[in-house]
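Here's a quick briefing to read with the model open in your viewer.

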Amino acid sequence: MAKTAARKKIKEPKILTFAWTGKDKAGNKSKGTVDALTLSEAKIQLRKQGINYDKVKKQSVSIFSNKDKPIKPIDIAFFTRQMATMMRSGVPLLQGLDIVGQGAEKAKLKKLIYDIRADVNGGSDLSTALSRFPQYFDDLYVSLVAAGEQSGSLEAMLDRLALYKEKSEALKAKIKKALTYPTAVIVVGLLVTAILLVKVVPVFEDVFGSFGADLPAFTKFVVNLSEIAQSYWLYVLGLLFVGGYFFRRGMIHSKKFRDSVERASLKIPVIGGILYNAAVARFARTLATTFSAGVPLVQALESCAGAAGNVVFHDAIMQIRNGIAAGQSLKNAINMTGVFPVMTVQMVAIGEEAGSLDSMLDKVAEFFEASVDNAVDNLSSLLEPLIMVVLGTLVGGLVVAMYLPIFQLGQVVGG
């Protein structure tokens, strides 16, 4: 019995939203909302704010509300930017966490910030408090905050971290845009074709049966294809679901399979170039951020490898790390991998000689981020006419195949 109770998941307290009406500090009629765990706690908060409330009740949550939505990386980026702004403005850390927590729209993010604040108020460093939530703050994030605390430049480090997170999320959004567009086109094209084959073509087939004449070869091909689709569409759909399930499972549980997919992704026409440039930009941005924070180069490269996002670059960065540990210059170590473009090698060489490696790496990151942005825009422009050709061929071909016998019948009748 005790074991069963021990295995039960302890539910975290849920933050609720309460709507209130009453008078504000100036005695004017007002209304608003307040977040709290219970109704009594909400009333206490309102009294502390000097609000003389008449009515306080729990607010119903719409399905479109983002109150209970999960915390996303972009939320962490926004939190970091807010904290950087607070610290740079001279607001104390605890007060800054209070202000950011009160302004958070998502209940889970609000609770996360309040938990961090409670740890800091209890005597923990900010980096220690953040390390309790590795699902939101990775080792790189925590180590950079710790470096900022030790050097007495936490506000500057938070500003640098905010820029890093914002750039990283913007880069991810561009890659998603590049991958989503062609995928959506392919799915829509196949879906329209399947509907025509399963629902529309059989209607024409019944009409053709009353003609009592031989059908054109192209029409016969489409009719046969329709019969196959009608007989096996459930199997095809099931195969797609099973294939998708095992693909996702393989990506999660099989390193060998995941590595093979990541290597193959770099060889995809157009898309592969975007992924390659994004990986170079991510490497340069991460190394610039860690190096400027005073993190030793070998340790900084380990962080870069963890944030690489592709096994090809992960292995190349670890090779660079081993080369640095063996006494090579960064330029030679990068050049030896044969993975990074010549521009990156040359910019790193200039940065090493001038003592401005972080600045040069920032420029490399900006260049390749701009390359990704341009490539995504060009891809969108390139796909628009391609979409018309593909959909026109699929749908137009089926329509022509269905009307060919009618055209021939018209010619016979007219003759």
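**Sheet and helices at a glance**

Strand β1 (residues 16–23) pairs with β3 in the antiparallel sense, and the two share six bridges. Keep in mind that this is a predicted model.

**The three-stranded sheet**

- The strands line up in the order β2-β1-β3, giving an open sheet with antiparallel pairing.
- At the edges sit β2 and β3 (52–58), each of which pairs on one side only.
- On average, neighbouring strands of this sheet are turned by 25 degrees against each other, if you ignore direction.
- As background, strands of a sheet pair through backbone hydrogen bonds, in either a parallel or an antiparallel way.
- Helix α2 (residues 39–48) lies across β1, β2 and β3, and it runs at about 130 degrees to β2.

**Helix α5**

- Helix α5 covers residues 107–121, so to speak a run of 15 residues, and spans 21 Å from its first C-alpha to its last, close to the 21 Å expected at 1.5 Å a residue.
- Its buried residues are A107, L109, K110, K111, L112, I113, I116, D119 and V120.
- What covers those buried residues of α5? The cover includes β2 (29–36) along with the helices α3 (73–88), α4 (93–103) and α6 (126–131).
- Just after α5, check the backbone at G123, which takes a positive phi of about 110 degrees.

**Helix α10**

- In α10 (residues 255–265), the buried residues are D259, E262 and S265.
- Seen down the axis of α10, these buried residues fall within an arc of 125 degrees, so they line one face of the helix.
- The general rule is handy here: an α-helix has 3.6 residues a turn, so residues three or four places apart point the same way.
- The buried residues of α10 pack against α11 (271–292) and α13 (311–325).

**N277 in α11**

- N277 is found in helix α11.
- Is N277 buried or exposed? N277 counts as buried because its relative accessible area is 18%, and the cut-off for buried is under 20%.
- Leaving aside residues up to four places away in sequence, N277 touches F368, S371 and V372.

Technical notes. Residues numbered from 1 in each chain as written. Predicted model: local features only at pLDDT ≥ 70, side-chain atom pairs only at ≥ 80, totals over all residues. Heavy atoms only, no water. Helix = DSSP H or I, 4+ residues; strand = E, 2+ residues; numbered from the N terminus. Expected span 1.5 Å × (residues − 1). Buried < 20%, exposed > 50% of the residue type's maximum accessible area, 1.4 Å probe, protein only. Contact = heavy atoms within 4.5 Å. Arc of directions from axis to C-beta. Pairing = 2+ DSSP bridges. Axes fitted to C-alpha atoms, helices over the stretch in contact; angles between N-to-C directions.
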